[in-house]
Amino acid sequence: MNAKKGFLKRFEIFSFVLSSPLRCSGVVIVAILLFIAIFAPAIAPHDPYDINPVNRLSEISFTHPFGTDHLGRDVLSRMFYGARTALFVGMMGVTVSLLMGLILGMTAAYCGSIIDDAILLLFDTLRSFPTIILILVIISVVGPSITNIVLALAVTFMPTYGRAVRARTLSVKEEDYVKAAEALGARKFRIIRSHIIKNVIGPLIIMGGMDIGYMITLEAGLSFLGLGVPPPTASWGKMLRIGFDYMLKDPLLIIWPSIALFVAVAGFSLLAEALRNFLDPSVRRSVKGSLSAIRSQESIS
Amino acid sequence: MLLEVKNLSVEYITREGRGYAVENASLKIGEGQIVGLVGESGSGKSTLGWSIIRLLPGNARIRSGNILLKGRDIIKMSERTLNKTIRGKEISVIVQDPQNALNPVFTIHTQINDILSLYRKRRGKTERKEEAVSLLTKVGIADARRRIDEYPYCFSGGMKQRVMMVMAFIVNPSLLIADEPTTGLDVTVEAQILEHLKDLMRQYGTAVLYITHDLAVISEVADKVIVMYAGNIVEIANKSELFDSPLHPYTRALINCLPRSTTQEDQLETIPGSVPNIFNLPHGCKFHPRCELAKQICKEKQPLLKRSRSSSHKVACFLV
Amino acid sequence: MIFIFFLLNALPGDPVTAMAGPRATPEMRKAIEEKFHLNEPVPIQLVYFIKNVFQGDLGRSIWDGRPVLELIGNALPNTAILALSSLFLAIIIGIPLGAVSAIHHNTFTDFLIMGLSFLVVSIPDFVSALLLLLFLSVTLNLFPVSGLGSGILDQIHHLILPAAALSLPWIGYVARVVRGTMLDVLSTPYIKMEKSFGLPLIFIWGKYALRNAISPAIATLGVMMGKLLGGAVLIEIIFTRPGLGRLVAESVATRNIPVIQGTVLVTATLFILSNLVADISYMFVDPRIRYER
């Protein structure tokens, strides 16, 4: 029976996605980005780290479709590798953050009293800082590296997820089927966890999905400031910085990573929105209108 | 004739399909006349009522018909003219749920004042407030002067209903459409509201289209009664005619369903079956699946409203 | 939330201790140790000490010895102006756009506005800053590239581009929120009633519907304000405006600990304050909430 359900579900997803060009594009964009990111080494025309001072800031040409940057590196290749950075940071960041939030939130909800208070304290403390500031401070303490960035992002976003998980767990905990399971003498952690997790994960994934774009932005911002991924790793943020520094000499340098960032954020947003619409059948308004509703609720609490 | 509705049909378009909430409805309301529009939920009575003032939800369409108010066709009017000349001026509405009828973030004073300033252009601020206070006092709101500056949530259901009546009558309309105004209120409050309503009607000479599912209320208030079922008007008669000799099987069943205090009966009468979904209406006479007198012709053709017995009594049934 | 206030005092101590450790050069370390009595056994004492110091003295910048308070005092107004103008833009442009979009629900206007909103929300603020800078300043030479400007008119001239870039995503966001709430409001029974009384439509939209629609938007604006105050970092750097965000970024890059401490404290406080203000104004707009409190 479970196998059949799974099969039908996949069908639903397909028809749902294809039904709207918007949703379609979200999935398509992300798919393309993933493809680029994963196969970057294979499809990039040049080595992105290949410094070639002779060729600095060259124009668009056949060999260098997007030109070269101030160190003579091929921009297109750096774009592809930048996709790797961006997607990795964005997706890993969200995943780690979700996991942290999940564990802490559930622990808080389940253990109650002191532990709950302590965790809430942690959450509130973290939340009292503006996002960028917090990340800056954390990075400055631990030093910039991809892992650290991912961790910093994870920690910054963790309270939001953690609170949501905690709230949800608290309410699910009181549901009848959980009490029934308890009454049947279920080993507390195992079986109840599987019940509760199923309920909590849905909205969580949606929240996370919407934040992927934001994380990508933050990574780019950090790299722009020079506090992001260390050289020579390519990052769209760093490309923007280069573009900024050389704005007067080669304006095109700014445009490519800008487009990339926009496409990435837009793609993930659309995907997240499509996911949300899929899981929530009451789609009354037009696709673009509802994203904000969840956001505003989140930020208030 | 104050209001004449001719062959009105209203369709709803939703994701689940299309359906006619009102089909080929015709009725007349004379000056100062109180007409009761009776039907169960889903009969289309509210749709009919709101169509007259063209405030239907976005997915409703008026497909055919004329609505003549003092000779002018409302359906053909532009939205602007409608808003300026008809709504609030000639026709007013009061609704069922007083909880939701008043804007919660503005005081009662503001809301009444806005209507007043629209229609009493020459009066000053203080004068308008005086008028508002006196209007509220007349409908029985105690301590109106103080309470007028409060917000709707401070008022009880009955009081909100009264405020609404005040607002509807400020403009001295020729026709008031009352969409289940007392449903959901306590019986005692209901009685009070009806009294106030009658007072206002007498005072201003307003005609009323009283929409309700409660025959008991109709028997108190109305001069003429229109019975609707699943989008069709099935019977029109004077009050006395209707209650003395109901012709349509549905009307008869409705009257039977009224709990009677005179006879000792164990069970309340009900009509078997339920009101059809507008997307899935039966062929022929819409009532036939629930009608014990149904014949073959009832399943095939739709009966039209025709005169019977007296000129004021019309019924849509093959078997009368 | 007020409880968090006190938390704040405790926190900056934490990273600072960590920072003073591995990052500082030996001479700096000695200086810091002396100044902050780090050789004291318990770091918590450090926190208490700093707390007292916060009675007015936020310490001094490592590099140039100027009091941190002064640095912040100079920087804050600039950031505030930028933030406020962005807020202003977001309100003036975002709210009407959202309302119009809702009123013309499902028409071309609606899709256009929502499409643009989506576009704008997806572009990170510094990217649009860069693009604006590129096209409007460098290429077309319409706006100055950097700095604050002198004299009111010139200052406004310098303010336009950064404020625009900063506010763009928020305009889109606010428009969407307002559209959402407006749609809800427009379908309520009381709006229907007001229509039935013959009140002119524009009046209904402008006064009644908007008032109802705004309250959720206020929460958003509060959050926005908080984020703006802390988050203008990149824009300030791009447009070379001396502001709080830039101060933080620079001090982080140079490991200027007291400055970091001070600015983080101030930024966080402002953040919390603006959230509180948003909460409170929520109360004023929706009278129902007043009584619940």
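This is a walk through a predicted three-chain model, with something to select at each stop.

**Before you click**

The model is predicted, so local features here need pLDDT of at least 70, side-chain atom pairs count only at pLDDT 80 or more, and totals for chains, interfaces and linings use all residues. Residues are numbered from 1 along each chain as its sequence is written, while chains are lettered from A and ligands numbered from 1 in the order in which they are written.

**Stop 1: chain A, coloured by confidence**

Start with chain A, which has eleven helices and zero strands. Helices (H or I, at least four residues) and strands (E, at least two) are DSSP runs, numbered from the N terminus. Now colour by pLDDT, the predictor's confidence in each residue, from 0 to 100. The mean for chain A is 75, and 74% of its residues reach 70 or more. Which helix has the lowest confidence in chain A, and which the highest? Helix H11 (residues 291-300) of chain A is lowest, at a mean of 35, and helix H3 (residues 75-111) of chain A is highest, at 85.

Next, select residues 1-5 of chain A: pLDDT is below 50 there, and the stretch has zero contacts in the model beyond near neighbours in sequence. A contact means that two residues have C-beta atoms, placed from the backbone, within 7 Å. Then try residues 283-301 of chain A, where pLDDT also stays under 50. For this stretch the model has 32 contacts beyond four places in sequence. Where pLDDT is low, the predicted coordinates should not be read in detail.

Buried means 20 or more other C-beta atoms within 10 Å of a residue's own, exposed means 12 or fewer, and partly exposed is in between, with C-beta atoms placed from the backbone. Of the contacts in chain A with a separation of 6 or more, 66% are between residues 24 or more positions apart.

**Stop 2: the nonpolar cores**

A nonpolar core is a set of buried Ala, Val, Leu, Ile, Met, Phe, Trp, Tyr and Cys residues joined through C-beta atoms within 7 Å. Select Leu136(A), Leu153(A), Val174(C) and Val248(C), which touch the most other members of the largest core, one of 146 residues. Centre on Leu153(A): leaving aside neighbours within four places in sequence, its contacts are Val89(A), Gly93(A), Ser97(A), Ile135(A), Met215(A) and Leu218(A). Another core lies apart from this one, with 90 residues that include Leu135(B), Met159(B), Val221(B) and Ala237(B).

**Stop 3: chain C and its side facing chain B**

Chain C has 14 helices and zero strands. Of its 293 residues, 46% are buried.

**Stop 4: two domains in chain B**

Hide everything but chain B. An automatic or database domain assignment sets the bounds: domain 1 (29-55 + 84-90 + 174-315) and domain 2 (101-172). Their centres, taken over C-alpha atoms, are 31 Å apart in chain B. Twelve residues of domain 1 and eleven of domain 2 make the contact between them in chain B. Helix H8 (residues 187-204) of chain B gives the largest share of the domain 1 side, seven residues.

**Stop 5: strands of chain B**

Select strand S8 (residues 207-212) of chain B. Why is S8(B) largely enclosed by the rest of the structure? Six of its six residues are buried, so the rest of the structure largely encloses it. Side chains in a regular strand alternate between the two faces of the sheet. Here Ala207(B), Leu209(B) and Ile211(B) are on one side, with Val208(B), Tyr210(B) and Thr212(B) on the other, all buried.

Strands pair if DSSP finds at least two bridges between them. Strand S3 (residues 34-38) of chain B runs parallel to S8(B), with five bridges. Strand S7 (residues 175-179) of chain B also runs parallel to S8(B), again with five bridges. Click Ile211(B): it is the bridge partner of Leu37(B) and of Asp179(B).

Finish at the hairpin of S11(B) and S12(B), which has one residue between the strands. Arg309(B), in the turn, has a positive phi of about 45 degrees.
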